[in-house]
Amino acid sequence: MSINDESAIRRNRTLIRWWLYAICLLVLAMVVVGGATRLTESGLSITEWKPIHGALPPLSDAEWQEEFAKYREIPQYEAINAGMTLDEFKFIFWWEWGHRLLGRFIGVAFFLPLVFFWVRGMIEPWLKPRLVAGLFLGGLQGAVGWWMVASGLVNRIDVSQYRLATHLTLACIIFAYLFWIARRLAPREAATAGEARRLAGFGKVFLALVFVQIFLGGLVAGLNAGFTYNTWPLMDGQFIPRGLLIMTPAWTNFFENVLTVQFQHRMTAYLLVIAVIVLFLRSKQVSGRKPVMMPARHLLGFVLLQVLFGIGTLLMHVQLHIALWHQAFAVIVLAGAVDYLAALKGPYPVRN
């Protein structure tokens with residue numbers, strides 16, 4: 001491979017990497033807007049899935065009345081919002097419409113540059129299937145989003161917490177997948193083979209634990225569990241409260257018991273704090289070099305900040321602004337965990 005060819009590859013990688021960073025930023029924004037949609041009880045305000053036509057909001061009073069009439073037919077209206085005005089409906093409608101529009105925008109922002117880079121021959125052959133897989137995951141996320149919304153349109157007044165947690169977790173999987181590719185396209189000093197061998201295993205366990213905590217956070221959101229037991233560090237006056245396994249069969253407590261769901265989210269947070277401290281100290285012991293320690297320091301800081309946001313969200317009874325910071329920092333912690341592993345793995349080699 002000539003010097004000019006290698007230079008062109010690195011230049012193309014820079015463009016693709018920054019494009020992927022932009023997509024990741026949009027996914028982060030999507031998670032935050034999705035959180036706001038949930039907290040404002042807006043997610044069921046649009047009762048149909050129209051991937052193309054739905055990009056246009058109601059443009060006349062008659063169209064607004066039609067949308068409002070559809071909403072009044074679902075159980076949530078009767079149970080929670082009976083008697084709401086059209087202006088009140090518009091407030092929740094705009095949140096959900098904005099969430100869906102942002103999803104469409106992300107699809108376009110991913111697809112059009114992908115086609116451009118592909119046609120211009122700027123994507124290395126090994127990278128093409130990876131990017132196509134990212135496009136597929138985005139389409140799957142749209143379908144999962146509607147699957148989630150559909151669960152709240154009949155016989156329920158909100159969406160299934162199982163489906164909401166799945167929707168959130170898949171969004172974070174997409175973020176992690178694209179961020180991993182972007183970080184490994186970046187020129188950076190890699191960890192040594194010995195450092196990677198001794199640290200990667202724990203880094204992967206930590207990443208898996210972050211995904212578990214994100215899924216548990218989705219259950220908390222789906223059950224509105226953050227609005228109960230708003231004290232810390234005790235729950236209902238105890239560190240380990242009574243009633244954790246009050247439901248039968250026992251396994252349902254971990255997904256449907258508000259007390260248990262919030263408790264396990266708290267305990268996993270403590271476990272993450274311990275794990276990130278161990279990861280940091282282990283990185284210092286094994287390496288201590290900047291390429292390894294910088295992402296380890298970032299990850300430690302992100303986790304500690306996230307804990308503060310989580311405690312604040314709880315004590316402030318899930319006020320919108322602090323709750324959205326908490327949700328955003330979950331993705332930032334995820335980014336830190338991915339970056340740590342990317343630092344151990346090193347950049348993608350330049351191939352013939």
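Is H99 buried or exposed? In this predicted model, H99 counts as buried, at 13% relative accessibility. The residue is located in helix α4, which spans residues 86-119. Leaving aside residues up to four places away in sequence, H99 is in contact with M30, V33, G34, T37 and H167.

According to the unreviewed UniProt entry, transmembrane regions are placed at residues 18-37, 101-119, 131-150, 162-181, 202-227, 263-281, 299-318 and 324-344. Two of these spans were examined for secondary structure. Residues 162-181 are 100% helix and 0% strand, with 29 Å separating the end C-alpha atoms. For residues 263-281 the composition is likewise 100% helix and 0% strand, and the end C-alpha atoms lie 28 Å apart.

Helix α6 (residues 161-185) packs against helix α11 (residues 320-345) at an angle of about 35°, and the two axes are 9 Å apart. This crossing of α6 and α11 is right-handed. On the α6 side, the contact is formed by L168, C172, F175, A176, F179, W180, R183 and R184. These residues meet Q327, V331, L334, A335, V338, D339, L341, A342 and K345 of α11. By class, the residues of the contact comprise 12 nonpolar, 1 polar and 4 charged.

C172, a member of this α6 contact, is buried, with a relative accessible area of 2%. A disulfide is a covalent bond between the sulfur atoms of two cysteines. With a cut-off of 2.5 Å between cysteine sulfur atoms, the count comes to 0 disulfides. C24 is in no disulfide, the nearest cysteine sulfur being that of C172, 11 Å away. Conversely, the closest cysteine sulfur to that of C172 is in C24, and at 11 Å the separation is too far for a bond. C24 also counts as buried, at 3% relative accessibility.

Backbone geometry was considered next. Most residues other than glycine have a negative phi, and most peptide bonds are trans. The loop between α7 (193-222) and α8 (253-256) contains P233, and the peptide bond from W232 to P233 is cis, with omega near 10°. P249 also lies in the loop between α7 and α8; the peptide bond from T248 to P249 is cis, with omega near -5°. N224, which is not a glycine, has a positive phi of about 55°. The position of N224 is in the loop between α7 and α8, where N224 is partly exposed, with a relative accessible area of 24%. A positive phi, near 55°, is also found at H317, in the loop between α10 (290-315) and α11. At 48% relative accessibility, H317 is classed as partly exposed.

Conventions: Residues numbered from 1 in each chain as written. Predicted model: local features only at pLDDT ≥ 70, side-chain atom pairs only at ≥ 80, totals over all residues. Heavy atoms only, no water. UniProt positions renumbered as here; feature names shortened; annotations may be inferred. Helix = DSSP H or I, 4+ residues; strand = E, 2+ residues; numbered from the N terminus. Buried < 20%, exposed > 50% of the residue type's maximum accessible area, 1.4 Å probe, protein only. Axes fitted to C-alpha atoms, helices over the stretch in contact; angles between N-to-C directions. Left-handed = near helix turned anticlockwise from the far one by under 90°. Contact = heavy atoms within 4.5 Å. Nonpolar A, V, L, I, M, F, W, Y, C, P; charged D, E, K, R; others polar.
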